[in-house]
Amino acid sequence: MPDIVFLTLSGLVIVSAIFALEARELIYGAVGLAFSLIGVAGLFILLGAEYLAMFQVSVYVGAVVVLILFTIMLVRRESGRIVEEEEPGRLGRAGILVAGLVALAVAGAVILVVPMSLEAPEFHGIPLRELGRYLASSYAVALVILGILIGATVVGGLTLVKVEREETNSGAAQ
Amino acid sequence: MTCLQGLPTLQEIVNLVLRIITSRTFLEVVFFPGFLNVMLSAAFLTWLERKVIARVQLRIGPLYAGISGILQPIADGVKLMFKETIFPELADTKLLMLCALGLMLLAFAPAVAIPFGEGFVIANMDVGLVYVFAVLSLFPSVILLIGWASNSKYPFLGGLRSLFQQVAYEIPMWLSVLGIVMLTGTLNLTKIVEAQQRLWFVVPQVLGFAVFFTAALAELERTPFDLPEAETELVMGWMTELSGVPFMIGFLAMYTKLYVMSALITTLFLGGWSGPGFVPQPVWVLLKTFLVASVIVVIRGSFPRVRVDILLKTGWTRLLLLALVNILVTVALISFGLDWVWRI
Amino acid sequence: MEPLSSYIILSAALLGIGIYGLVSKRNAIRLLFSVELIVNAANINFVAFARYSNPPMLTGWNIVFFSIAAAAMEATVGLALILVAFRLNGTIDVRRLNRLRG
């Protein structure tokens, strides 16, 4: 009988993911996405990666979901509705078929091909120092590039959404 | 972790429930230092705030409910429970109630990691510090949802202001404790308190303490950073449309967060449970926590409100620079070999 | 402890849900949801393999570390683009956003 914690967490992840895509209101969808991401963080804890779980919660749910909510609130027409979500129709059914086939193929391929045993080895926790050591030595270049990328993202995002004002800056700029 | 082999019988379920209820962790979570302690402390803090603010303003504060008004929080709670819960017609009631409950849960969550004595902590996490900050980063989204679900201008503006403010001050908060992590080499809150046996971190990390204190004030939306609740401008900020029991939950969540942040400041900078031995250790934690909370309340009565653009500019730039200077100071401390003071 | 196949099946199911969203949704923000779900499926896979390898390897954690950060950045820029597209076209329905000019 499978572990009940794993079942609960995976149930949360899958159900919230489906809800995120199928909810009528986009805001509810964003909340569903947040729950799904929290479920993924729980799975990380189950797999022994506690620091990664906290990282996931604070970056994904704490920042990305906030951004998504904020954007949804800005992308509104006067009536309050964004876009009429019609029934999926033909494309939706094809979508389910494609998605199901891909998922089946991927799962089957990985399980059959993976060169390791499927049972969990002994695990007493990896000390956090090792992660820090890795990041500082082998992955140092990647870390620096990540920092530059974050800076570029911030600058790019701000530039994209800047509104072009035609009048010159009044004195209230300070 | 429970592993259920096959379908459990009723006897097994009853045994399991009994075992959970009498386990130490459950008792800790429900009574002390968990739920009951946090609720009582949050209620106590409402009374403390009104008394201290009153004295700052040369008046007396609550006087009639019990000795010196100590039962005032109970009176408030009873009054709020009898009030009718009114929501605007077009407001999203489900989302509002869900988010009010979520706010309470989030406010309580960091208390699980705060140590109240040697080995006396509900959850001794090796990533305790990051856990607390991760939970704190979930607040802006919940408050934004409450402001949005109220379907009204003023709560929404209050929610937006709160979001901007809390997100801006998250980074200085994270960076200011980096000095402590560098000195102790661990994220475990129990070990951080143990490392302060000789010298509290408030001494070498004065700058970090100042930055963290300011950022905590901003996260708590207390004056001088209480723009989201600027009573002359926004009615009551994002809490405007809550009434009755949901309002009580939101209000209590604010004070729970105050208690938890004060306890966090005590743990990180003021030595946690360290103190002379004639008083048990948890009492020291509570004493220091309430002292920090009193200072926060006195600040509320003494400072004017900060303008919103100065508020955001301070959070994103000036406090960030101060936190970086703090890190440099810590690096200097370590390179002069002075970090033996905090090695256990 | 679960066999590794459970985690692989979970991650593949999440991948399937994400692909379904990408194929059949017309709202740009739902497409973003789907992309985030796919990235999270991959992350679960990485961490599961890192845990189940003998001895447990840290490489999986490092990759997920960078993956979460990169996905956050991609969501940021994607949302900025959606905002600009809405401002210029009044809609975020991707089937109507099919002109390169304007």
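Colleague: How far apart are the centres of domain 1 of chain A and domain 2 of chain A?

Modeller: This is a predicted model, so keep that in mind throughout. Taken over C-alpha atoms, the centres of domain 1 of chain A and domain 2 of chain A are separated by 23 Å. Domain 1 of chain A covers 1-79 and domain 2 of chain A covers 127-162.

Colleague: What happens to the backbone just after α2(A)?

Modeller: Look at A:G48, which takes a positive phi of about 90° there.

Colleague: On to chain B. How is chain B divided?

Modeller: Into domain 1, 40-82, and domain 2, 86-342. Their C-alpha centres lie 23 Å apart. To read how such domains meet, count the residues on each side: the contact takes 13 from domain 1 of chain B and 17 from domain 2 of chain B.

Colleague: Which elements supply the domain 1 side in chain B?

Modeller: α3 (35-56) and α4 (72-82) of chain B each supply at least two residues of the side of domain 1 that touches domain 2. α3(B) gives the most to that side, with nine residues. Sorted by class, the domain 1 side in chain B has eight nonpolar, four polar and one charged residues.

Colleague: Now between chains. Of the two pairs of chains in contact, which share the most contacts?

Modeller: Chains A and C do. That contact takes 61 residues from chain C and 73 residues from chain A. On the chain C side, α1, α2 and α3 (59-89) each supply at least two residues, and the largest share, 19 residues, comes from α3(C). The side of chain C that touches chain A divides into 42 nonpolar, 13 polar and six charged residues.

Colleague: How many residues does the contact take from chain B and chain A?

Modeller: It takes 22 from chain B and 18 from chain A. The elements giving two or more residues to the chain B side are α6 (128-136) and α7 (139-149) of chain B. Of these, α7(B) provides the largest share of that side, five residues. By class, the side of chain B that touches chain A has 16 nonpolar, five polar and one charged.

Colleague: That leaves chain B and chain C. How many Å apart are their nearest C-alpha atoms?

Modeller: They are 9 Å apart, and chain B and chain C do not touch.

Colleague: Let's take the fold of chain C. How many helices and strands has chain C?

Modeller: Three helices and zero strands, running α-α-α from the N terminus on. To judge the overall form, compare the radius of gyration with the globule rule. Chain C comes out at 17 Å, well over the 13 Å the rule gives for 102 residues, so chain C is more spread out than a compact globule. Along its principal axes the C-alpha trace of chain C spans about 55 × 25 × 15 Å.

Colleague: How much of chain C is buried?

Modeller: Of its 102 residues, 57% count as buried. For sequence range, take contacts in chain C between residues at least 6 apart in sequence: 47% of these join residues at least 24 apart.

Colleague: Last one, on confidence. What is the mean pLDDT of chain C?

Modeller: The mean is 88, and 97% of the residues of chain C reach 70 or more. For the model as a whole, the scores are ipTM 0.91 and pTM 0.89.

Key
Residues numbered from 1 in each chain as written. Chains lettered and ligands numbered in written order. Predicted model: local features only at pLDDT ≥ 70, side-chain atom pairs only at ≥ 80, totals over all residues. Domains from an automatic or database assignment. Contact = placed C-beta atoms within 7 Å. Helix = DSSP H or I, 4+ residues; strand = E, 2+ residues; numbered from the N terminus. Nonpolar A, V, L, I, M, F, W, Y, C, P; charged D, E, K, R; others polar. pLDDT = per-residue confidence, 0-100. Rg over C-alpha atoms; globule rule 2.2 N^0.38 Å. Buried ≥ 20, exposed ≤ 12 C-beta atoms within 10 Å, placed from the backbone.
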